[in-house]
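Trainee: Could we go through this one together, pockets to begin with and then whatever else comes up?
Mentor: Gladly; let us bring it up and take it step by step.

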Amino acid sequence: MSTSQRKAPRAVAVRETPAPAESADMPPVRGRARALANLPRRDAAATQEALLSAATEEFARNGFAGARVDVIAASAGVNKQLVYHYYGSKEGLYRQALETVYAQLREKEQALSLADMAPAEAMSALVGFSFDYLNEHPEFISLLADENRSKGQHIKESQPLLQMHLPLVELLEATLARGVASGVFRSDYDAVNLYISVAGLSYFFFSNNHTLSVIFGKRLDSRPALANRRKHVIDFALHALRPDP
């Protein structure tokens, strides 16, 4: 059998076709999706990474209802049919985007190694990390806001999302217990309420930064304002955890 008669390997059979040329009404390819799209023959993992990167941007910008699959595919530099090949539907791609951003957050939290720190140091690190993460990932805030508008329906359908928070709760419970045992934390706080409070201290600041800046007549997204707020939320949380005199 000649070389020209041989069948293409299975892995090549589903690779993407060249992306359509950009037009005036098509957004430019950006960020990670652009870099991946420049690869002439991508494997399945790289193709999915490009799609998830483009999908996260599109869903964060326009919400689930307003996001367009053809825009996501064009931004990722792949054929639109690959969205359905890998994720089944727009809903499947959206769920995977949510799972990915949450998994990245949980992974970075685990990397803090809170169990290796003294209780007060661990809480300070967690609060500071929560603040920094939201500051660096505005798309996460946009995705959460949109998912809350739809009453968390896509999260309900994702078993990985429902399970990935358990290790963090267990770690917080252990950190609280260590703090209580050493006399630096009060004993009447539970891990879930604590995490909601810690997340809320930073989430509200970033989700409402523009309106708060107008209301109070100051740039709350400036470097000094961010540093001041970060210190405040850490001090606030640690003060609340201290046992009564």
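**Pockets, a helix and the core**

Trainee: What volume does the largest pocket have?
Mentor: The largest pocket has a volume of about 650 Å³, and please keep in mind throughout that this is a predicted model.

Trainee: And how many residues line the largest pocket, and which lie nearest its centre?
Mentor: The lining holds 23 residues, and those nearest the centre are Tyr 102, Leu 144, Tyr 195, Ile 196 and Ala 199. Two or more lining residues are given by each of the helices H5 (90-110), H6 (119-136), H7 (138-149), H10 (166-181) and H11 (191-207), and the largest share, 7 residues, comes from H11.

Trainee: How does that lining divide into nonpolar, polar and charged?
Mentor: For the largest pocket the lining has 15 nonpolar, 5 polar and 3 charged residues.

Trainee: OK, on to the second largest pocket: what is its volume, and which residues lie nearest its centre?
Mentor: The second largest pocket has a volume of about 270 Å³, and among its 13 lining residues, Pro 138, Ile 141, Phe 206, Asn 209 and His 210 lie nearest the centre. Its lining divides into 6 nonpolar, 5 polar and 2 charged residues.

Trainee: Which helix gives the most there?
Mentor: H7 gives the most to the lining of the second largest pocket, with 5 residues, while H6, H7, H11 and helix H12 (209-216) each supply at least two.

Trainee: Let's stay with H7, then. Which of its residues are buried, and what do they pack against?
Mentor: The buried residues in H7 are Phe 140, Ile 141, Leu 143, Leu 144, Asp 146 and Glu 147. The buried residues of H7 pack against helix H2 (44-66), H5, H6, helix H8 (153-156) and H11.

Trainee: How far apart are the end C-alpha atoms of H7, and what span should we expect?
Mentor: They are 17 Å apart, which agrees with the 16 Å that its 12 residues should span at 1.5 Å a residue.

Trainee: What follows H7?
Mentor: H7 is followed by Lys 151, whose phi is positive, near 60°.

Trainee: Changing topic, which residues have the most contacts inside the largest nonpolar core?
Mentor: That core has 61 residues, and those with the most contacts inside it are Phe 59, Leu 93, Met 123, Phe 140 and Leu 172.

Trainee: Take Met 123: what is it in contact with, leaving aside neighbours within four places in sequence?
Mentor: With those neighbours left aside, Met 123 is in contact with Leu 172, Thr 175, Leu 176, Phe 185, Leu 194, Leu 238 and Leu 241.

Key
Residues are numbered from 1 along each chain as its sequence is written. This is a predicted model: local features need pLDDT of at least 70, side-chain atom pairs count only at pLDDT 80 or more; totals for chains, interfaces and linings use all residues. Side-chain values use heavy atoms; hydrogens and water are left out. On a 1 Å grid over the protein atoms alone, a cavity is a set of points where a 1.4 Å probe fits but cannot get out, and a pocket is an open set with protein on both sides within 12 Å along at least five of seven lines; lining residues have an atom within 4 Å of a point. Grid points are joined across faces, edges and corners, and a volume is the space filled by probe spheres set on the points. Helices (H or I, at least four residues) and strands (E, at least two) are DSSP runs, numbered from the N terminus. Ala, Val, Leu, Ile, Met, Phe, Trp, Tyr, Cys and Pro count as nonpolar, Asp, Glu, Lys and Arg as charged, and the others, Gly among them, as polar. The expected span of a helix is 1.5 Å times one less than its number of residues. Buried means under 20% relative accessible area, exposed over 50%, partly exposed in between (1.4 Å probe, protein chains only). Contact means heavy atoms within 4.5 Å. A nonpolar core is a set of buried Ala, Val, Leu, Ile, Met, Phe, Trp, Tyr and Cys residues joined through side-chain atoms within 4.5 Å.
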